[in-house]
Amino acid sequence: MAPRIIVVPPSAETGEIARQMAPAGFELVLARDGGADLEAALGAAEFMVCYPNVKMPDAFYRAAPRMKLVQLLSAGYDAVDIEAARRAKVPVSNNGGANAISVAEHALMLMLTCVKRTFAVDKATRAGDWNSARAGNTELGGKTLGIVGVGNVGRRVSKFAGAIGMRVLGYDKYVPDDELRRRGAEPVASLEALLPQVDVLTCHTPLTPETRHMINEKTIGLMKPGAIYINTSRGPVQDERALFEALTRGKLGAAGLDVWEDEPTSADNPILNLQSVVCSSHVAGVTREATRQAAMQVSGEMLRVLRGERPDVLVNPDVWARLGRR
């Protein structure tokens, strides 16, 4: 019987990845989260490819006794019940690094859009106003960038920023100082020590109990007046009420947000009304190149598991180390 892959939920993005990733001889099933088609497919499924917001409690694994690997189409895994997977002895792999260049470029774009006042300049130019379009722009070169989380994305942002002449500081408690320097960032011991020094702050951390609302009224208060805040990681890293207040009071000069506390964010979110904010809809990692890279990574992980080899990227490595394949 051909190995069966379930891809859930079917969407333009997951469908494209599915078409590119399925190795020859695999059976591909597109199923909706929680639907009858998913329940019917689970009994014969050996692999599942999904976004981390798909719920997978203990009952999911009981319905999928042949499941060998759950593959997430995201670097983040904050919404996944890792304990349920651990109890079921199912390894979970994420797409760490597959879209790192895409996200890093998006973060740089948000920074540049903020300092160059791109939307205001575009609007004025279209209206024939060539005077206001010349006032208020600044440069990133010579400014200090603070990176929180200098991993797959953060290290690339560091290289981009260094190339345009920024001073780069990095805070990442899980990366040794020498390695931070190799990644192009001067290490700073704490978030509290980092914030007063930066002109631009960019977040590239996973969402954990420690990082939830890490950017809040207190930490924003440590930043320079007029500093710029960028987030392409996870929305709940920021307290949006505090962020809105800081932007409206002028404590922060601008913000570039690809992620939101609640997604999709409400049309009534007051941040959307601020001209100082550049908004995008959690698309930083969605490019043709990132999709292709994700597909290659996913297919590689599945083939490794079938060969009895350990996946390259595991969220719950203890499952493989202690229990082997299911």
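Predicted model: local features only at pLDDT ≥ 70, side-chain atom pairs only at ≥ 80, totals over all residues.

Student: Why is Phe 47 called buried?

Tutor: Phe 47 has a relative accessibility of 1%, and the limit is under 20%, so Phe 47 counts as buried.

Student: What makes Phe 26 buried or exposed?

Tutor: Its value is 15% relative accessibility. Buried means under 20%, so Phe 26 counts as buried.

Student: How many aromatic pairs are there?

Tutor: The structure holds two. One of them is Phe 26 with Phe 47, a tilted pair with 6.0 Å centre to centre and 35 degrees between the planes.

Student: What makes Phe 26 and Phe 47 a tilted pair?

Tutor: Two numbers do the work. Ring centres must lie within 6.5 Å to pair, and here they are 6.0 Å apart. For the planes, under 30 degrees is stacked and over 60 is edge-to-face, with the rest tilted; the angle here is 35 degrees, hence tilted.

Student: Why is the pair of Phe 60 and Tyr 61 called edge-to-face?

Tutor: Their ring centres are 4.8 Å apart and their planes stand at 90 degrees. The pairing limit is 6.5 Å and edge-to-face needs over 60 degrees, so the pair is edge-to-face. Phe 60 and Tyr 61 are both buried as well.

Student: On to the sheet. What is the strand order?

Tutor: The order is E2-E1-E3-E4-E5, in an open sheet of five strands with parallel pairing. E2 and strand E5 (92–93) are the edge strands, since each pairs on one side only.

Student: How do you know that E1 pairs with E2 (residues 27–30)?

Tutor: Pairing takes at least two bridges, and four bridges join E1 to E2, running parallel.

Student: Which side chains of E1 are covered?

Tutor: Arg 4, Ile 6 and Val 8 lie on one side and Ile 5 and Val 7 on the other, and all are buried. In E4, Leu 69 and Gln 71 point one way and Val 70 and Leu 72 the other, again all buried.

Student: What about cysteines: how many disulfides are there?

Tutor: Zero, from a search of the whole structure. Cys 279, for instance, has the sulfur of Cys 114 as its nearest cysteine sulfur, 9.6 Å away. A disulfide needs the sulfurs within 2.5 Å, so Cys 279 is in no disulfide.

Student: Why is Cys 279 called partly exposed?

Tutor: Its relative accessible area is 36%. Partly exposed lies between the buried limit of 20% and the exposed limit of 50%, so Cys 279 is partly exposed. Cys 50, at 0% relative accessibility, counts as buried.

Student: Which residues touch the most other members of the largest nonpolar core?

Tutor: Leu 194, Leu 201, Ile 215, Tyr 229, Leu 243, Leu 252 and Leu 257, out of 29 residues. Helix H11 (240–249) is among the elements that each supply at least two residues, and its four residues make the largest share.

Student: What does Ile 215 contact, leaving aside its neighbours within four places in sequence?

Tutor: Its contacts include Leu 201, Ile 220, Tyr 229 and Val 237.

Definitions and conventions:
Residues numbered from 1 in each chain as written. Heavy atoms only, no water. Buried < 20%, exposed > 50% of the residue type's maximum accessible area, 1.4 Å probe, protein only. Core = buried A, V, L, I, M, F, W, Y, C linked by side-chain atoms within 4.5 Å. Contact = heavy atoms within 4.5 Å.
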